[in-house]
Structure formats: structure tokens, C-alpha cells
Amino acid sequence: MSYLSYVNPTATSPWHTYLAQVDRVLPYLGPLARWAETLKRPKRSLLVDVPIEMDDGTVRHFEGYRVQHNLSRGPGKGGVRYHPDVTLEEVMALAGWMTIKNAAVALPFGGAKGGIRVDPKTLSRKELERMTRRYTSEIGIIIGPQQDIPAPDVGTNAQIMGWMMDTYSMNTGATATGVVTGKPIHLGGSLGRVKATGRGVFVTGREAARRIGLKLDGARVAVQGLGNVGGAAAELFGQAGAKLVAVQDHTGTLVNANGFDMADTMEVVKRDGAIGAYKDAERIDNEAFWDVDCDILIPAALEGQITPARANRIKAKLVLEGANGPTLPEADDVLADRGVLVVPDVICNAGGVTVSYFEWVQDFSSFFWSEDEINVRLDKIMVDALKKIWDTADRHKISLRTATFAVACERILVAREERGLYP
Ligand code: NAD
């Protein structure tokens with residue numbers, strides 16, 4: 001399945017999952033399938049050494065990556081992840097999913113992703129800044145407002161984007177706000193960006209629920225990961241009348257069949273970065289999270305969480321993939337056989353990159369929109385994109401995931417064909 005000599009994917013690794021998803025769409029690409037190999041090979045992968053001086057005077061080296069998976073439709077776009085398990089192969093998969101996602105919502109971007117193999121919680125603020133600046137300088141040869149535009153992902157945030165923007169600007173001699181998105185508001189950031197991914201999860205979830213006749217008022221929601229994505233999504237479902245009945249994060253799993261108090265929950269998460277200290281819930285074994293009685297399940301943490309065994313136990317009618325790559329391909333089949341509808345990551349969590357696109361556009365024109373304008377435009381783009389995907393799924397009798405890949409791959413490969421193969 002992987003013909004690349006430099007990676008060796010296992011059956012559960014993200015790059016393997018991505019390739020299996022591409023294989024499933026090939027029968028629906030018609031003559032464009034002759035370009036399909038282009039989706040299975042990242043265009044460009046940069047590996048960099050990131051040495052920094054620690055506060056105690058020692059020198060440490062970190063491994064950094066930036067992968068530009070496909071640039072047929074425009075400059076690269078995709079986040080930067082700081083996590084101890086980051087590998088080249090994971091970044092390749094995340095970049096591949098960005099190519100699909102950007103095309104699925106028709107943004108004028110290709111797909112890219114970056115990362116550093118580090119636990120950012122172990123660094124001081126100054127060390128984090130030095131590491132970010134050195135990494136930005138090292139990948140500076142391939143990023144830029146018209147080349148490749150990073151954004152936050154797991155373990156990175158607006159402050160880190162601010163340092164990246166400043167470093168790139170210092171190196172090129174001109175303030176370049178358009179080089180990264182997800183920046184602080186004062187540095188050309190966009191209103192609505194922080195919660196945009198969670199809002200997109202809510203919008204696609206609301207539309208999917210309506211289509212399968214599931215009422216949000218009173219619906220029971222279970223969320224894995226109450227970070228940027230899961231937290232914002234949970235809040236919006238709460239505002240729509242749904243009850244949060246289970247939460248899992250890196251510190252454990254809590255349940256309350258009567259529903260968590262959303263304000264208290266978000267306050268605890270904001271204060272501690274974890275749900276552990278929330279009082280009004282029962283702690284259960286982590287594995288029991290997958291047996292919880294609920295209507296909507298939102299995996300919003302890491303890849304590879306929904307295995308075939310867990311897919312057999314899930315009680316929800318609707319799975320909303322806030323995280324990238326949370327479901328293994330065999331688990332997709334189990335969920336489909338059991339009649340559980342999955343709104344796949346490549347459309348479900350596209351709200352973040354959509355508002356990143358708005359940020360990039362606003363930076364170029366130096367004219368900024370109101371939060372209401374942003375939310376209304378985001379809602380419309382997500383609803384329209386999901387409708388086209390749903391129609392495609394109905395027409396071919398395929399899953400929403402394969403339909404999203406079909407819509408996206410057609411756009412990517414038509415662009416490939418129209419540009420022609422250089423030289
Ligand atoms: P985050 O760092 O803000 O939050 C991650 C959450 O996952 C935290 O609540 C953490 O406790 C939890 N978590 C970590 N390890 C866990 C484990 N082993 N078990 C259970 N929970 C665990 O990250 P985020 O920005 O919310 O991203 C979450 C997912 O959404 C990732 O897959 C990311 O790629 C994807 N995503 C993020 C964005 C964005 O705009 N931030 C956009 C699209 C997709």
C-alpha cells in the first residue's frame with residue numbers, strides 16, 4: 001500500500017489509514033484515477049534539526065517536520081503539532097487529510113502539516129519561544145504567505161503563531177501577517193478563529209442530526225478531548241439543548257447521566273487544562289468511555305481511537321470526528337454495518353481551516369470582518385459543502401467519508417490535470 005522507502009506504516013498508523021481511505025475512493029474517480037498516485041506521495045517533506053539552549057545552559061536537539069502533501073489547488077495550508085509522539089509518517093497523514101479537507105470545502109489551498117517531536121509542557125516559556133523561532137527559521141525556506149501557511153494544532157496556540165509570524169517577518173525584512181493563521185487578534189488574527197473548528201463540528205453535527213431525525217434538544221453527548229475543538233463543540237451543543245454526559249481527556253474519564261454543568265466544566269478545563277477536578281460526576285475506567293449510553297459521540301483528541309472492537313460497543317447514533325483520523329478503516333465498516341452515521345474529519349473539523357482562510361484573506365486586504373459575519377459565512381460554507389457530499393453519498397451509495405474524498409479528489413485531480421505535469 002505504501003510504495004515509499006522512507007516510511008514503514010503499521011496497520012494502525014495514520015499514514016496507513018489515509019492510504020486505505022484513498023484506495024476506497026479510486027473506483028469513483030473515473031478517468032481522473034490515472035492521477036491517483038499523486039495523492040499517495042507527499043510532494044515535499046522537510047526534516048529539520050531544532051537545537052536550542054535550555055534555561056540551565058545545556059543544549060537540546062528536537063526533530064521537526066514540514067510536509068507539503070499537495071499544492072495543485074494553491075499554497076500549502078495546515079497546522080503545526082507539538083507532541084512527543086509526532087513522527088514524519090504522522091505529519092504526512094495529517095498533511096494528506098489537509099489536502100482533502102481544503103478541497104472538500106473548496107478553499108484555494110493545497111495540504112500541508114508540520115510538527116516537532118516534543119512535550120511542550122516540559123519547556124519553560126522562553127525555551128518554547130526559542131524552539132518555535134528556530135523551527136520557523138529552519139522551515140522558512142518553504143513557508144510563506146503564497147507558499148505554505150501554518151496554523152495551530154495540538155500543543156500549539158495563538159502565542160506560538162505570533163512568534164512564528166515575527167520570526168518569519170524578521171528573516172524576510174517585512175511584516176508578513178499572512179504567513180500563519182490562528183494568530184493573536186492584535187497581530188492580524190481573526191475573530192471567531194479560536195472556536196471555529198468546534199463551531200464547524202457543531203454545524204455539521206446539527207445538519208446530520210436533522211437529516212437522521214435526531215433532536216438536539218435533550219440529546220446525550222459524549223466527548224473525548226475537551227481542548228480547543230472538543231470544548232467549543234461541547235459548549236455549542238449545550239447551547240442547543242444537548243446534555244454532556246461523558247468526558248474523557250488525558251487525565252481520565254467522567255460521566256454524569258443528568259448532564260455536566262457546562263459553565264463549571266469549562267471553568268475547570270480553562271483553569272487546570274483538564275477535567276479531573278470537576279466535582280459533580282463519577283470517575284470511570286477509561287475503556288468504559290466507549291460503552292457510555294449516548295446519542296452523539298465526538299472524538300476530539302487523537303488519531304486511531306475508534307478501533308473495530310470499540311466500534312462494536314459504541315451506543316451513539318452519530319459520530320462527529322472533531323479529531324483528525326480518529327477512526328480506523330475497519331472500524332468504519334463496523335460502524336456502517338451497525339447503522340451508526342459518521343461525519344468524517346475531512347468535513348466535520350474543516351471549520352478551523354475555513355476561518356483560517358478568512359484570516360488570510362483579511363490579512364491581505366488589511367480589512368477585518370465582525371465575528372457575526374465570520375460565523376454566518378462559516379455556517380454557510382459548511383452547510384453547502386456537507387450538502388454536496390451528502391448528495392454524492394446518496395448517488396453512489398457510499399459512506400460520507402468516501403463521498404468527501406470523492407468530491408475533494410475530483411477537485412484536486414482536475415486541478416492537477418489542468419495545470420499539466422511539469423516540465
Ligand atoms: P488540544 O490540545 O486543545 O486538546 C486536546 C484534548 O485531547 C485535550 O483535552 C487533551 O486532554 C485530550 N487528550 C490528549 N491525549 C488524550 C488521550 N490519550 N485520551 C483522551 N484524551 C486525550 O487540541 P485540539 O486543537 O482541540 O485538537 C484536537 C484534535 O482536533 C486533533 O486531532 C487535531 O488535529 C484536530 N483538529 C484541530 C483543529 C484546530 O483548529 N485546533 C482543527 C482541525 C482538527
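Which are the buried residues of α5? The legends below start there, working from a predicted model.

**View 1. Helix α5 (residues 196-212) and its mostly covered surface.** Twelve of the 17 residues in α5 are buried: A196, T197, G198, G200, V201, F202, V203, T204, G205, E207, A208 and A209.

**View 2. A salt bridge joins D379 and R206.** Their side chains meet at 3.0 Å, N to O. The pair links distant parts of the chain, with D379 in helix α12 (residues 371-396) and R206 in helix α5, 173 residues apart. D379 is partly exposed, at 24% relative accessible area, and R206 is partly exposed too, at 25%.

**View 3. E129 and R133 pair up within helix α3 (residues 125-139).** Here the salt bridge is 3.0 Å, N to O. The two residues sit four apart, about one turn of the helix. An α-helix has 3.6 residues a turn, so residues three or four places apart point the same way. E129 is buried, with a relative accessible area of 14%, while R133 counts as partly exposed at 24%.

**View 4. K317 meets D295 in a salt bridge between two loops.** The N to O distance is 2.7 Å. K317 lies in the loop between α8 (308-313) and β11 (318-320), and D295 in the loop between β9 (282-284) and β10 (296-299). D295 is buried at 8% relative accessible area, whereas K317 is partly exposed at 41%.

Notes. Residues are numbered from 1 along each chain as its sequence is written. This is a predicted model: local features need pLDDT of at least 70, side-chain atom pairs count only at pLDDT 80 or more; totals for chains, interfaces and linings use all residues. Side-chain values use heavy atoms; hydrogens and water are left out. The expected span of a helix is 1.5 Å times one less than its number of residues. Buried means under 20% relative accessible area, exposed over 50%, partly exposed in between (1.4 Å probe, protein chains only). A salt bridge is a side-chain nitrogen of Lys or Arg within 4 Å of a carboxyl oxygen of Asp or Glu.
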